[in-house]
Amino acid sequence: MNENYLILLGLGNTAKAERKSLVEQIDAVLPQTQCTQCDFDGCKPYAEAIAIGDAEINQCPPGGQDGVDAIAELLGRKPIPLNETHGETKPKRIAVVDEKACIGCTLCIQACPVDAFVGSSKVMTQVIAKECTGCDLCLPVCPVDCIDMIESNPDKRISYNDYFQFHEALYKRQILEKETRDNSRDRYQFHQERLERNKRERDELLKSRMIVLKEKMAKDKAQKEKINAAIQRVKKSKANNEIK
Ligand code: SF4
Ligand code: SF4
Ligand code: SF4
């Protein structure tokens, strides 16, 4: 009995029963690692692409073959093999920072899609373990290579004593999984909104500075024109006096 597949399918079916949109149903099955290995900016953009037929259902390595099979079942399609050109399925991992080597450059803070780092400029950073999705996006940006990925404790298999006990345990695990995914999804959305807000504020600041600059240039130009006109007047008057 494949517990992981049943949990993933349960997450998708729950979203369907709650009459969530097709994108939300697919997104419920996706792991919310937000790693971009599917070639999209995160799980939601990938779910949107699947829903409109712009992406295959087998591009998510963290979701693995169970994820592909669950999406296929949810959408009433034939299962296909995971496309490993997008990466391999790894056990759940979390990032840890070597505090002695960290130089506090904050590049990892900027790269993390779920704001799992604490720290600030020139201060050693650390990872909030329970918020880390194991996306690996902080690894390539660290200039001193002081971040390692360690395996987090895998869930133990549910023992099968009887049908009701098994399904109750499965249901409990599905609820926990949903809570974890909802949290990562919220943090990712918050992160995206913050990036958009920062960009909007930067654009607005730039725009207002350009307006001030243009006003100053127009003022300088008008001033210059006034001075030139005054010089011309003086020259003309001098020339008239000389003729007389
Ligand atoms: S976990 Fe990574 S590969 Fe899978 S859908 Fe989300 S962003 Fe894409
Ligand atoms: S800490 Fe690193 S591995 Fe963990 S979620 Fe953030 S970027 Fe990904
Ligand atoms: S990228 Fe590396 S050195 Fe820079 S703050 Fe993060 S962990 Fe420290």
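Residues are numbered from 1 along each chain as its sequence is written, while chains are lettered from A and ligands numbered from 1 in the order in which they are written. Because the model is predicted, local features need pLDDT of at least 70 and side-chain atom pairs count only at pLDDT 80 or more, whereas totals for chains, interfaces and linings use all residues.

**Ligand surroundings**

Ala, Val, Leu, Ile, Met, Phe, Trp, Tyr, Cys and Pro count as nonpolar, Asp, Glu, Lys and Arg as charged, and the others, Gly among them, as polar.

**Helix packing**

Helices are DSSP runs (H or I, at least four residues), numbered from the N terminus. Axes are lines fitted to C-alpha atoms over the stretch in contact, and angles run from 0 to 180 degrees between N-to-C directions.

The axes of helix 1 (residues 3–17) and helix 6 (residues 163–243) come within 10 Å and cross at roughly 60°, which makes helix 1 oblique to helix 6; angles under 35 degrees count as roughly parallel, over 145 as roughly antiparallel, 65 to 115 as roughly perpendicular and the rest as oblique. Glu3, Leu6, Ile7, Gly10 and Leu11 of helix 1 meet Leu170, Arg173, Gln174, Glu177 and Lys178 of helix 6, where contact requires C-beta atoms, placed from the backbone, within 7 Å. By class, this contact has four nonpolar, two polar and four charged residues.

Helix 2 (residues 22–29) has as its buried residues Gln25, Ile26, Asp27, Ala28 and Val29, buried meaning that 20 or more other C-beta atoms, placed from the backbone, lie within 10 Å of a residue's own. These buried residues pack against helix 1, helix 3 (43–51) and helix 4 (64–75).

With helix 3, helix 2 packs at an angle of about 125°, the axes being 8 Å apart, and helix 2 is therefore oblique to helix 3. Leu22, Val23, Ile26 and Asp27 of helix 2 make this contact with Cys43, Lys44, Ala47, Glu48, Ile50 and Ala51 of helix 3, and its residues divide into seven nonpolar, no polar and three charged.

Technical notes. Helix = DSSP H or I, 4+ residues; strand = E, 2+ residues; numbered from the N terminus. Contact = placed C-beta atoms within 7 Å. Buried ≥ 20, exposed ≤ 12 C-beta atoms within 10 Å, placed from the backbone.
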